[in-house]
Amino acid sequence: MKRLILTLLMLALLLTACGGENEDSTQSSEAEVTEPVEETVDAEEAMDETSGPETDETTQEVVSDIEETVEEEIDLTGLGINPLTGLYIPEEIVNRRPVGVMINNLKKAMPQSGIAQADVIYETLVEGGIARLFAVFKDFDAEKIGPVRSARHYYLDFSFDFDALYVHYGASDQAFIDIRNLNAPNMNGLSYLDAIMCFQDSSRVRPHSTYTSYEGLMAGWEAEKYRTEYADGFSSKFQFAEENPEMLEAVDANKVILDFSYYQYAWFDYDEVSQKYLRNQFGGPQIDRETGDQLAFDNVIVQMAEMWKIPGDTEGRLDMTLVGEGDGYYISHGKAIPITWSKSSHYEPTQYFLTDGSELEMYTGKTWIAVFPTYRPEGFIIE
């Protein structure tokens with residue numbers, strides 16, 4: 001990596017130097033027809049040439065500055081790999097459990113706060129054709145996160161995927177049952193924890209007004225005495241490629257449409273400059289209220305799942321198959337490939353595979369996971 005950076009920077013310097021020649025010499029060089037260059041100069045040779053006796057002092061100073069910058073960029077002291085993104089974070093939080101927060105995603109809840117700091121965001125349906133988000137945080141310091149809403153039982157599987165604490169404000173009957181039966185670590189703001197980790201935004205109307213924060217979550221965590229580090233034998237949900245991952249069977253993916261229901265229509269636009277997918281819903285960009293920036297992700301996973309209304313539930317609540325297997329798509333850097341997914345139990349992480357059965361390797365960065373209903377295949381479109 002150091003050699004590559006030096007090569008690129010030295011080439012830039014050489015081109016700059018050439019640009020300073022007089023007009024006559026430039027025209028002369030353009031008029032001559034030369035043979036293709038058969039050999040390339042590597043970084044060390046470029047350094048030798050620029051550091052020779054004919055190199056002026058200014059260039060030597062620039063080269064020295066470049067070397068110092070490169071050394072600073074590759075200094076990884078005190079850093080470790082975030083298993084949620086594959087990126088470097090402070091070493092002291094690498095083994096800290098993530099926190100997953102149930103986020104309101106109704107029009108009245110827009111714009112949300114703090115979710116731009118999430119490493120992973122899940123999106124799937126709840127009752128009434130609306131979708132809620134589950135934002136998973138590891139390296140964060142947000143002063144305002146939310147609005148926070150109530151739990152649904154199948155979101156526990158998303159939490160188990162990362163050995164995360166599940167944060168919510170109230171819960172459905174099914175969620176309370178599964179929290180108890182599965183012994184799921186959770187922090188319910190609709191309890192004594194309200195005064196410890198939650199606060200109300202007076203500019204919002206309930207139930208769209210409840211928020212938490214980094215400080216509040218840490219205080220609630222301490223109050224509940226939950227384990228602070230990953231469980232022994234923890235296995236990461238994601239596998240990140242050391243270099244660009246293989247994108248076999250790829251199709252262009254400049255726009256990804258997620259038409260969940262009559263109410264929930266969202267899409268991602270691919271931005272070639274940043275190489276990220278920009279999130280949109282309800283007719284426009286989805287932004288973080290605290291930063292004013294549009295949500296952006298390096299990876300988008302669409303996980304198809306069977307969903308149905310729970311028989312006899314008066315609220316029309318849903319259930320879905322998340323322990324099992326199914327199909328989906330991995331979308332990144334302007335391309336999309338078919339994948340499969342598999343989850344062997346509530347406590348085991350969902351794994352993603354290429355169609356040849358090998359494990360999916362992803363680009364590093366933040367990921368959006370849309371768990372999309374199999375009964376609505378026409379609502380998922382890649383353009």
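## A buried aromatic pair

In this predicted model, both Phe372 and Phe380 are buried. The two residues also form an aromatic pair, and because their ring centres are 6.3 Å apart with the planes at 50 degrees, the pair is classed as tilted.

## Other aromatic pairs and a cluster

The structure holds 24 aromatic pairs. One of them joins Phe199 and Tyr211 in a stacked arrangement, with 6.1 Å from centre to centre and 25 degrees between the planes. This pair links distant parts of the chain, since Phe199 lies in strand 8 (residues 199-200) and Tyr211 in strand 9 (residues 210-211), twelve residues apart.

A single aromatic cluster is made up of Tyr122, Phe134, Tyr154, Tyr155, Phe158, Phe162, Tyr166, Phe238 and Phe240.

## The largest nonpolar core

The largest nonpolar core has 87 residues, and the members that touch the most others are Val101, Tyr122, Leu217, Phe238, Tyr330, Ile331 and Val371. Strand 5, which spans residues 131-137, gives the most to this core, with six residues.

Tyr122 belongs both to this group of core residues and to the aromatic cluster. When its neighbours within four places in sequence are left aside, Tyr122 is in contact with Arg132, Leu133, Phe134, Val136, Phe158, Asp161, Phe162, Lys237, Ile369 and Val371. Among these contacts, Phe134, Phe158 and Phe162 are also members of the aromatic cluster, while Val371 is itself listed among the core residues that touch the most other members.

## Helix 8 and its cover

Helix 8 covers residues 214-224, and within this helix Gly216, Leu217, Met218, Gly220 and Trp221 are buried. Leu217 is also one of the residues touching the most other members of the largest nonpolar core. The cover over the buried residues of helix 8 includes strand 3 (99-103), strand 6 (165-168), strand 7 (186-188) and helix 7 (194-197). Just after helix 8, Lys225 takes a positive phi of about 60 degrees.

## A nonpolar patch on the surface

On the surface, Leu76, Leu79, Ile81 and Tyr88 form a nonpolar patch, and together these residues have about 340 Å² of accessible area. Tyr88 is placed in strand 2, which comprises residues 88-90, and because its relative accessibility is 46%, Tyr88 counts as partly exposed.

Conventions. Residues numbered from 1 in each chain as written. Predicted model: local features only at pLDDT ≥ 70, side-chain atom pairs only at ≥ 80, totals over all residues. Heavy atoms only, no water. Core = buried A, V, L, I, M, F, W, Y, C linked by side-chain atoms within 4.5 Å. Buried < 20%, exposed > 50% of the residue type's maximum accessible area, 1.4 Å probe, protein only. Helix = DSSP H or I, 4+ residues; strand = E, 2+ residues; numbered from the N terminus. Contact = heavy atoms within 4.5 Å. Patch = residues over 30% accessible without salt bridge, like charges linked within 9 Å, V, L, I, M, F, W, Y side chains within 5 Å. Areas by Shrake-Rupley, 256 points an atom, 1.4 Å probe, with all protein chains shown as cover. Salt bridge = Lys/Arg side-chain N within 4 Å of Asp/Glu carboxyl O. Phe/Tyr/Trp six-rings, centres within 6.5 Å; stacked < 30°, edge-to-face > 60°.
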